[in-house]
Amino acid sequence: MRLTKKNPEEPNFFQDVWEVVKLIPRGRVTNYGAIARYLGTAMSARMVGWAMNAAHAHKHIPAHRVVNRQGLLTGKHHFETPKAMQQRLEKDGVKVKKDQVQDFARVFWDPAKELG
DNA sequence: GGTCTGACCGGCG
DNA sequence: ACGCCGGCCAGAC
């Protein structure tokens with residue numbers, strides 16, 4: 001099934017992404033693919049990133065808690081300043097070094113696993 | 001309306 | 001470890 005506007009019955013894809021992102025606990029991070037899998041669009045991880053871009057303009061969403069599969073802060077250039085993402089993560093208690101989340105495996109939060 | 005791009009991912013050589 | 005490729009799908013041009 002597709003979560004697009006072609007299927008009006010399905011909830012809005014962006015909204016789903018944002019809700020999941022809001023549920024990320026403080027001090028934890030997740031990645032685009034995990035969110036995509038949780039929403040049932042495993043191969044559409046790119047759309048999650050694209051949704052994050054839209055989210056940035058919309059409301060206050062902890063977009064800094066979403067990194068790529070390696071734990072790299074690939075989206076930092078889309079924040080107010082390139083350093084904002086890392087600063088917010090460190091404020092959450094997540095160590096970041098050279099755009100790389102430290103102890104990534106440990107702070108990783110998988111919605112499909114945590115939420116069911 | 002074809003073509004390219006993207007805050008990605010997994011697989012393969 | 002490294003690079004390349006195909007897949008996904010919404011926008012921009």
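## A buried lysine and its partner

K76 is buried, at a relative accessible area of 17%; here buried means under 20% relative accessible area, exposed over 50% and partly exposed in between, using a 1.4 Å probe and protein chains only. This is a predicted model, in which local features need pLDDT of at least 70 and side-chain atom pairs count only at pLDDT 80 or more, while totals for chains, interfaces and linings use all residues. Residues are numbered from 1 along each chain as its sequence is written, chains are lettered from A and ligands numbered from 1 in the order in which they are written, and side-chain values use heavy atoms, with hydrogens and water left out.

The side chain of K76 meets that of D99 in a salt bridge, 3.0 Å from N to O. This pair links distant parts of the chain, 23 residues apart: K76 sits in the loop between strand 2 and helix 4, and D99 in the loop between strand 3 (96–97) and strand 4 (100–101). Helices (H or I, at least four residues) and strands (E, at least two) are DSSP runs, numbered from the N terminus. D99 counts as partly exposed because its relative accessibility is 24%.

## The other salt bridges

A salt bridge here is a side-chain nitrogen of Lys or Arg within 4 Å of a carboxyl oxygen of Asp or Glu. By that rule the count is four. Side chains of opposite charge can pair when their charged atoms come close.

Let's look at two more of them. E80 pairs with R88, their closest N and O atoms being 3.3 Å apart. E80 is exposed at 52% relative accessibility, whereas R88, with a relative accessible area of 33%, is partly exposed. D103 forms a salt bridge with R106, with 2.9 Å between the closest N and O atoms. In this pair D103 is partly exposed at 45% and R106 is exposed at 64%.

## Meeting DNA strand B

Now to the DNA. The protein surrounds DNA strand B with 18 residues, and the closest are Y32, R46, M47, R69 and H78. A residue is near the strand if one of its heavy atoms lies within 4 Å of it. Helix 3 supplies the largest share of this surface, seven residues; helix 2 (32–39) and helix 3 (45–58) each give at least two.

The surface near DNA strand B divides into six nonpolar, nine polar and three charged residues. For this tally, Ala, Val, Leu, Ile, Met, Phe, Trp, Tyr, Cys and Pro are nonpolar, Asp, Glu, Lys and Arg are charged, and the others, Gly among them, are polar.

## A closer look at H78

H78 lies in the loop between strand 2 (66–67) and helix 4 (84–92). An N or O atom in the H78 side chain is 3.1 Å from a phosphate oxygen of DNA strand B. H78 counts as exposed because its relative accessibility is 51%.

Leaving aside neighbours within four places in sequence, H78 is in contact with N53 and H56, where contact means heavy atoms within 4.5 Å. H78 and A63 are 15 residues apart in sequence and 9.9 Å apart in space, C-alpha to C-alpha.

Notes:
A polar contact is a pair of N or O atoms within 3.5 Å; within protein, one must be able to donate a hydrogen and the other to accept it, and residues adjacent in sequence count only if both atoms are side-chain atoms.
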